Amino acid sequence: MSEQSGNGVALVTGANRGIGREVARQLAERGYEVLLSARDGEKASAAAAELAEGTGAVVRALTLDVADPASIAAAAEQVQADPGRLDVLVNNAGIGSDFGVSGVDPDFDKIQAALETNFYGAYRLTIALLGLLRKSEHPRIVNVSSGMGGVAEMGGWSPGYRVSKAALNAMTRILSTELAGEGFLVNSACPGFVNTDMGGPMGAKKPVKDGAAGIVWLATLPDDGPTGGFFRDGKPVAF
Ligand SMILES: NC(=O)c1ccc[n+]([C@@H]2O[C@H](COP(=O)([O-])OP(=O)(O)OC[C@H]3O[C@@H](n4cnc5c(N)ncnc54)[C@H](OP(=O)(O)O)[C@@H]3O)[C@@H](O)[C@H]2O)c1
């Protein structure tokens, strides 16, 4: 193992900008060694250097396109080789490929794209890293979902995004159940309507740091924390 922090190693996907970048920053601030991943390796390197600069934090860049199974396999192999440890996985990478598209006039290519990144990407990556997470004494998985994926209160429009996040929430339930006896805490988080490249154009005003805080809370839960839940700002949301 290379450099080690007191709190272990955390991998965040889609962490070159937006909520993922801020989650990476907050985890580094708490003493985690952060594997800051992005599909563009140069952007990952730039963001990792910016976050680490002058802080003493260990933030390492990792190239990872979650929509590409080969990229997932290569990244998992790299993490297994160095640092050879993983305690926290934050599946944050996401796209809104069909915001505002009508469910009665769907674009199936856009639905497929949303599923590839938001659902298959998170699921494939989790399974690729499960062996390492199983070696952790306190494994945590946070799936960054959305209230738009809650079936109980689901409305219309944006079918690809909604279905992909509902599927991600189902993955949270399935894995939290099957891994319950192994010390895992697996939860979904809705960051709220946050002022990022994704939320900003639609008028979101919530600061990025506040949207990230509820995700970091789930990533750093104590052993008696919840599992199989869906939370926004630390409060339960209907699945
Ligand atoms: N903002 C909101 O109001 C809001 C509300 C509810 C849920 N969320 C969820 O929160 C998460 C983060 O959203 P955000 O607001 O920070 O969005 P954002 O500003 O658009 O950032 C999205 C991030 O995901 C990355 N990404 C996209 N496709 C990827 C892929 N195939 N592989 C790896 N990374 C990929 C992007 O990388 P590139 O720079 O390479 O594109 C970027 O780093 C998403 O899952 C989103 O659905 C956001």
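A polar contact here is a pair of N or O atoms within 3.5 Å. Keep that cut-off in mind for the ligand, where a backbone N or O atom of Ile19 sits 2.8 Å from a ligand oxygen atom. Bear in mind, too, that this is a predicted model. The rest of the picture is an open, mixed sheet of eight strands, with helices H3 and H4 lying against parts of it.

**The sheet**
- Reading across, the strand order goes S3-S2-S1-S4-S5-S6-S7-S8.
- S3 (59-63) and S8 (235-236) are the edge strands; each has a single partner, so one side of each is left without a neighbour in the sheet.
- Further in, S1 (residues 9-12) runs parallel to S2 (residues 33-38), and four bridges link the pair.
- Within that pairing, Ala10 stands opposite Val34 of S2.

**Helices on the sheet**
- H3 (residues 69-81) packs on the sheet and touches S1, S2 and S3, with its direction at about 145° to that of S3.
- H4 (residues 108-134) lies across S1, S4 (88-91) and S5 (140-144), and runs at about 180° to S4.

**Around the ligand**
- There are 28 residues around the ligand, and the ones that come nearest are Asn16, Arg17, Tyr161, Val194 and Thr196.
- Side chains also get within polar reach: an N or O atom of the Arg39 side chain is 2.7 Å from a ligand oxygen atom.
- On its own the ligand has 900 Å² of accessible area, and the protein covers 94% of that.

How values were computed. Residues numbered from 1 in each chain as written. Predicted model: local features only at pLDDT ≥ 70, side-chain atom pairs only at ≥ 80, totals over all residues. Heavy atoms only, no water. Pairing = 2+ DSSP bridges. Helix = DSSP H or I, 4+ residues; strand = E, 2+ residues; numbered from the N terminus. Contact = heavy atoms within 4.5 Å. Axes fitted to C-alpha atoms, helices over the stretch in contact; angles between N-to-C directions. Near = heavy atom within 4 Å. Polar contact = N/O pair within 3.5 Å; in protein donor to acceptor, adjacent residues only side chain to side chain. Areas by Shrake-Rupley, 256 points an atom, 1.4 Å probe, with all protein chains shown as cover.
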